[in-house]
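Hi everyone, thanks for making time.

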Amino acid sequence: MSGRTALVTGAGSAIGAAVSRALSRAGAGVVLTDRDGQALEALAADIGSAGGQAVAVPADLANPVSVRRLVEQTLGAFGRLDAAFNHAEVGEVALAMKYEVPSMRHGGRVVNLAATAGAHTAVAELTRRVALDVAGSGVRIDAVAAGSEEDVATAVVWCVACQVPIGR
């Protein structure tokens, strides 16, 4: 995933942090977002000390202006958005995809995970509907089921890294 950029929402959570570290180890530059800027800065420093590249961008995923700015800052920092992992509430996942997908003009991968067990079905249905809406655009959208931090991180890296077109 060298030269690729991944945006991780919910990066302040244990699962989000594990996904961020795994994407970085796979070679991606990572944009970390959550409401807690202090936790994001610590994670960015941890990824940097391990040789990765990470930028902390606190954002409120319930606020459209904040989400738009998040994607703009991602593009400003890395020049592209190749992948996104959305670990949030259903409405926040929908809003994140609204801004992420159009920014993946060259093709990209979005992987969603419900923030709560009760929201899993809603996030899966949202993922299915948006995936159908963008079929043929070069953007692939998947959902992963909750599991251990490492299991989710492994699944996300597989969804993103194993399906990124070569030469883009």
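Let me begin with a term. By a nonpolar core I mean a set of buried Ala, Val, Leu, Ile, Met, Phe, Trp, Tyr and Cys residues joined through side-chain atoms within 4.5 Å. Please keep in mind that this is a predicted model.

So, the cores. The largest nonpolar core has 30 residues, and those touching the most other members are Val19, Leu23, Leu32, Phe85, Val144, Val152 and Val156. Which elements give two or more residues to this core? On the strand side they are strand 1 (5-9), strand 2 (29-33), strand 3 (54-56), strand 4 (83-88) and strand 5 (108-114). On the helix side we have helix 1 (14-25), helix 2 (37-49) and helix 6 (149-161). Apart from this core lies another one, of 23 residues, including Val57, Ala59, Leu61 and Val130. As a general point, nonpolar side chains tend to be buried together in soluble globular proteins.

Now zoom in on leucine 32. Setting aside residues up to four places away in sequence, Leu32 touches Val8, Ala11 and Ser20, then Leu40, Leu43, Ala44 and Ile47, and finally Ala54, Val55, Ala56 and Val57.

On to the helices. How do helix 1 and helix 6 pack? Their axes are 8 Å apart, at an angle of about 45°. That angle makes helix 1 oblique to helix 6, and the crossing is right-handed. Helix 1 brings Ala14, Ile15, Ala18, Val19, Ala22, Leu23 and Arg25 to the contact, while helix 6 brings Glu149, Glu150, Val152, Ala153, Val156, Val157 and Val160. Sorted by class, that contact has eleven nonpolar residues, three charged and no polar ones.

The next pair is helix 3 (residues 64-78) and helix 4 (residues 90-100), which pack at about 45° with axes 9 Å apart. These two are therefore oblique to each other, and helix 3 passes helix 4 in a right-handed crossing. Pro64, Val67, Arg68 and Val71 of helix 3 meet Leu95, Ala96, Tyr99 and Glu100 of helix 4. The contact of helix 3 with helix 4 has six nonpolar and two charged residues, with no polar ones.

Is Glu92 buried or exposed? Glu92 has a relative accessible area of 13%, so it counts as buried, the cut-off being under 20%. Beyond its neighbours within four places in sequence, Glu92 is in contact with Arg35, Leu61 and Ala62.

Technical notes: Residues are numbered from 1 along each chain as its sequence is written. This is a predicted model: local features need pLDDT of at least 70, side-chain atom pairs count only at pLDDT 80 or more; totals for chains, interfaces and linings use all residues. Side-chain values use heavy atoms; hydrogens and water are left out. Buried means under 20% relative accessible area, exposed over 50%, partly exposed in between (1.4 Å probe, protein chains only). Helices (H or I, at least four residues) and strands (E, at least two) are DSSP runs, numbered from the N terminus. Contact means heavy atoms within 4.5 Å. Axes are lines fitted to C-alpha atoms, for helices over the stretch in contact, and angles run from 0 to 180 degrees between N-to-C directions. Angles under 35 degrees count as roughly parallel, over 145 as roughly antiparallel, 65 to 115 as roughly perpendicular and the rest as oblique. A crossing is left-handed if the near helix is turned anticlockwise from the far one by less than a right angle, and right-handed if clockwise. Ala, Val, Leu, Ile, Met, Phe, Trp, Tyr, Cys and Pro count as nonpolar, Asp, Glu, Lys and Arg as charged, and the others, Gly among them, as polar.
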